[in-house]
Amino acid sequence: MRIILCLICIMLNLQADGQIQPREGKALNYRIIGFSFPAAKGSTGYKLEIAEGNCQSEQAFSSGIINTIASSTNKIVAEVPYFGSQYTWRVVYNGTAKKKSPLHHFSTMANEELDSTKIRLRILTPASKYKDGYVFMDSYKALFDMKGKPVWFLPMKPGETSLPRDIKATPFGTITYMMMMDVYEINYDGDTLWKSPVSYQPFDDARITFHHQLSRLKNGNYMVLGNEFVLQKKNTGDDTLLNLEPLRQNNPDQSDTTYRKLVFGTVIEYDKNGKIVWQWKSSSYFNNSDIGARKLPDGTVNANVHENAFYFDEEKKNLYVSFKAISRIVKIKYPEGTVVAAYGDKFAADKPENENEKFCEQHSCNISQEGYLYLYNNNLCHRMKRPEIVVMQEPANPKEEPKVIWKYICDIEPEATYQKQNQQFPTGGNVIELPDQSILCCMGGTYSKTFIVTKDNEILWSALPEKWDEREFQWKPYGQYRASMLTSRKELEILIWAPRNVKQ
């Protein structure tokens with residue numbers, strides 16, 4: 001009997017310890033923290049007390065308290081002021097269970113890259129809405145509040161030196177991102193939950209490589225853009241490279257210059273176990289499409305189509321894929337894989353390439369709540385024009401072009417004279433519709449102003465990411481590839497309280 005009672009006590013203690021978050025001595029990569037602790041019978045409420053420093057005595061703790069929060073539940077979200085600091089906390093139980101918990105300790109990790117003397121997210125227009133929202137900025141590897149203060153950062157894995165891309169929250173309380181052509185899903189603590197089943201290896205043409213975008217679907221699967229390396233050989237007397245041959249690791253005859261390796265895009269869907277459950281290859285589409293009329297001066301086909309974004313409409317089973325280099329959005333029926341519409345540039349023999357008046361070398365394509373197709377138009381065909389947010393209505397006849405129903409010209413700030421000399425935005429940028437149908441836009445490129453705009457052209461918030469230039473002794477814009485957003489504290493708390501299960 002004593003043994004059974006001891007085991008019960010041990011299990012109860014372990015259960016209580018498991019309810020205490022953050023764990024004793026834990027180093028955190030965030031300043032907005034979920035505190036949890038065992039409930040107490042007879043307690044009418046709880047008071048969380050947080051002190052700065054690693055306090056070991058009641059006196060040190062009481063004199064160092066910086067935050068006190070009352071709550072009716074045993075789960076409390078609180079913010080501490082600094083990264084690279086130590087903190088101590090405890091809970092005071094009210095009511096008949098009046099008592100104080102032991103002192104608990106944690107720290108926030110230091111991050112030199114978020115040093116406010118080196119980087120800043122300069123607020124241009126303070127938030128008039130979404131005041132409790134948060135924005136992921138990929139080059140900063142961090143999440144910022146709407147006042148421009150970093151509250152979370154991505155812990156880097158050993159050996160990683162490149163910048164992540166496409167950091168965003170999923171419907172499952174997790175975060176996905178891309179790094180050096182590998183893709184990851186992590187929890188709020190930065191623990192890896194899922195990783196791409198194959199890793200990028202330089203010069204290995206047979207291996208799948210990933211790029212630009214990863215999204216977790218509502219069914220739990222992962223959809224990601226990939227590359228397909230295709231070796232092409234032109235036929236005798238033929239001046240094109242349209243006849244695709246099976247992929248080969250190396251040119252079968254190194255002296256034969258009629259072979260050429262081309263890169264085509266793929267869209268791959270993986271299940272949670274890393275198994276490919278669906279795939280679409282652009283090579284099969286472009287080999288039989290008008291791309292054959294897009295020739296280089298030497299007569300060979302210019303097959304550089306540069307797939308850079310996708311949107312999967314899970315309800316209507318339509319996949320939209322953006323091809324930057326040919327200014328085209330392709331609509332694909334899922335799971336059939338058939339192309340049902342193509343919007344943008346069209347090519348024909350003996351005719352020059354079109355300059356699509358609706359969008360040119362775009363990034364990011366999405367479907368709005370009202371069913372409109374919208375995208376970030378880098379507008380590179382028009383050298384003196386700004387990038388744009390473009391919203392279009394798809395035609396009933398798939399052979400026709402969509403109709404532009406709203407457009408917003410993305411402007412730069414008056415003091416940005418250096419950018420006015422080169423007004424093009426050749427890389428990056430994205431747009432995301434928010435719950436009230438306003439749009440979050442990141443302009444990408446070197447000048448990555450990020451803002452929220454309504455359909456009435458009202459700016460609800462805007463900020464400019466900047467980095468301190470020690471040589472020129474001034475702040476300069478710091479390019480971001482994409483931005484994404486948590487629109488409320490509630491969305492952040494979904495990440496905070498999500499289960500911390502780790503699958504390596």
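The side chain of Lys168 makes a polar contact with the side chain of Ser215 at 3.5 Å; a polar contact here is a pair of N or O atoms within 3.5 Å, where one must be able to donate a hydrogen and the other to accept it, and residues adjacent in sequence count only if both atoms are side-chain atoms. Another such contact, at 2.5 Å, links the side chains of Lys168 and Asp166. This is a predicted model, so local features need pLDDT of at least 70 and side-chain atom pairs pLDDT 80 or more, while totals for chains, interfaces and linings use all residues. Residues are numbered from 1 along each chain as its sequence is written, and side-chain values use heavy atoms, with hydrogens and water left out.

Lys168 sits in strand E13, residues 165-169 (strands are DSSP runs of at least two residues, numbered from the N terminus). It counts as buried because its relative accessibility is 17%, buried meaning under 20% relative accessible area with a 1.4 Å probe, protein chains only. Leaving aside residues up to four places away in sequence, Lys168 touches Phe136, Gln213 and Ser484, among others (contact means heavy atoms within 4.5 Å).

Phe310, in strand E21 (residues 307-313), is buried too, at 3%. Leu225 lies 85 residues away from Phe310 in sequence, yet their C-alpha atoms are 7.9 Å apart.

Elsewhere, four strands form an open antiparallel sheet in the order E25-E26-E27-E28. E25 (363-367) and E28 (403-409) stand at its edges, so one side of each has no neighbour in the sheet.

Terms used. Buried means under 20% relative accessible area, exposed over 50%, partly exposed in between (1.4 Å probe, protein chains only). Two strands pair if DSSP finds at least two bridges between them.
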